[in-house]
Amino acid sequence: MLTVIKLLVPYLSLIIIQFVLPKYFNFNNIYPNFIIIYIVFIALNKGSMSGQISGFIYGFTWDILSTDIFGIRTLTLTVCGYLAGKFNKKLNKDQYLVQIMLMFICLVITQLSLFLLYLIIPNDFGNRNLFTNYNSLISVLLTLFLTPIVFKILNYNLYDSK
């Protein structure tokens with residue numbers, strides 16, 4: 001029962017932070033992507049399989065809660081979790097520059113994948129621009145800026161709470 005609570009509390013907290021708070025604290029659709037930060041954190045600390053699983057679960061939840069093409073976030077976040085997990089033992093995950101660079105790579109892969117999938121699958125829901133919208137560019141920069149801070153908080157909760 002304790003394991004279920006340990007898994008369910010971060011999941012629900014992250015869903016609330018990503019999907020409920022932007023409705024109240026949103027400035028021109030500028031809001032960081034906390035889900036991808038968490039997926040990269042899990043992948044860096046626990047490996048590619050954990051990164052894939054968390055990417056799939058959060059991507060599937062994102063697809064259920066959005067009006068976008070179903071499965072598009074599941075695919076992109078699973079790939080990001082896998083790729084970030086491949087650097088699990090190869091990089092010093094405590095260095096801020098490593099965290100920011102890996103997050104930048106995952107954000108570019110996610111944005112590029114979404115852009116290419118929107119070109120292939122016609123829809124009226126998604127944003128078809130890559131980084132041409134200033135708000136999406138500022139959101140990416142805000143995500144990159146907050147990455148070391150969130151990693152520090154998650155590291156404290158992961159390793160010091162035992």
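Reader: What should I know about the model before we start?
Author: Residues are numbered from 1 along each chain as its sequence is written, and side-chain values use heavy atoms, with hydrogens and water left out. Because the model is predicted, local features need pLDDT of at least 70 and side-chain atom pairs count only at pLDDT 80 or more, while totals for chains, interfaces and linings use all residues.

Reader: How many disulfides does a search of the whole structure find?
Author: The search finds zero. A disulfide here is a pair of cysteine sulfur atoms within 2.5 Å.

Reader: What makes Cys 80 buried?
Author: Buried means under 20% relative accessible area, exposed over 50%, and partly exposed in between (1.4 Å probe, protein chains only). Cys 80 has 1%, so it is buried. Cys 106, at 2%, also counts as buried.

Reader: Why are H3 and H4 called roughly antiparallel?
Author: Helices are DSSP runs (H or I, at least four residues), numbered from the N terminus. H3 (residues 48–65) and H4 (residues 72–85) pack at about 160°, with their axes 7 Å apart. Axes are lines fitted to C-alpha atoms over the stretch in contact, and angles run from 0 to 180 degrees between N-to-C directions. Under 35 degrees counts as roughly parallel, over 145 as roughly antiparallel, 65 to 115 as roughly perpendicular, and the rest as oblique. The pair is therefore roughly antiparallel.

Reader: Which residues make the contact of H2 with H5?
Author: Contact means heavy atoms within 4.5 Å. H2 contributes Ile 36, Ile 37, Val 40 and Leu 44, and H5 contributes Leu 102, Met 103, Cys 106, Leu 107 and Thr 110.

Reader: How do you know whether Tyr 38 is buried or exposed?
Author: Tyr 38 lies in H2. Its relative accessibility is 17%, under the 20% limit, so Tyr 38 counts as buried. Not counting residues up to four places away in sequence, Tyr 38 touches Pro 10, Leu 14, Tyr 58 and Leu 154.

How values were computed: Helix = DSSP H or I, 4+ residues; strand = E, 2+ residues; numbered from the N terminus.
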